[in-house]
Amino acid sequence: MSHSHLDISTHSLLEKPRSEKPVVDQILSFEKAQRMAEFLGVLSDPNCWRILSALAIEEMRVGELAAAVEMSESAVSHQLRVLRNTRMVRRRKCGRTVIYGLKDHHIFNLYRDVSEHLDEADY
C-alpha cells in the first residue's frame, strides 16, 4: 500500500525522521513477531476485552469483576490467569484479599487506543 493515500497529519509514524538503517535491518525479528502474535492472540477473546475494560476503570477483586462483566467467578479467574501470564494484568494482596488491575500504562493505552480506533467514524 502506498503511503500517498494516507492522511499524514494523523499518522505520527510517517512523521518520524527516516532512519539511516535499511528497512530490512529495522523489521521485527521472527521471534519478537511470534511473541507479539501470541500476546495479541489472547485478545481475540471478547471476554478478555471486557475484563480489561473493567480494570481500566478500577482495580477489583474476582467477585466484583465477575459481577461487573456478568461471568462466573471461575471463568473470570481463568481469564485473569491468561491475562497475568501475558503480563496484561497484575494482582496484589491486601491481607487475605487479592485485587486485580492492569499491569501498566502500556496495557491501558492499548485498551484505550483500540477502543478509540474502533469508534472512529470511518470504520
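Is Arg 112 buried, partly exposed or exposed? Arg 112 is partly exposed, with a relative accessible area of 31%; buried means under 20%, exposed over 50%, and partly exposed in between, with a 1.4 Å probe and protein chains only.

Before I continue, please note that this is a predicted model, in which local features need pLDDT of at least 70, side-chain atom pairs count only at pLDDT 80 or more, and totals for chains, interfaces and linings use all residues. Residues are numbered from 1 along each chain as its sequence is written, and side-chain values use heavy atoms, with hydrogens and water left out.

Arg 112 meets Asp 113 in a salt bridge, at 3.2 Å from N to O. By salt bridge I mean a side-chain nitrogen of Lys or Arg within 4 Å of a carboxyl oxygen of Asp or Glu. The whole structure contains four of them.

I turn next to Glu 59, which is linked with Arg 90 and Arg 92 in a network of salt bridges. The N to O distance is 2.5 Å for Glu 59 and Arg 90. Glu 59 lies in the loop between helix 3 and helix 4 and Arg 90 in strand 1 (residues 89–94), so this pair ties together parts 31 residues apart in sequence. Helices (H or I, at least four residues) and strands (E, at least two) are DSSP runs, numbered from the N terminus. For Arg 92 and Glu 59, the closest N and O atoms are 2.7 Å apart. Arg 92 also lies in strand 1, so its pairing with Glu 59 joins parts 33 residues apart in sequence. Arg 92 is partly exposed, at 37% relative accessibility.
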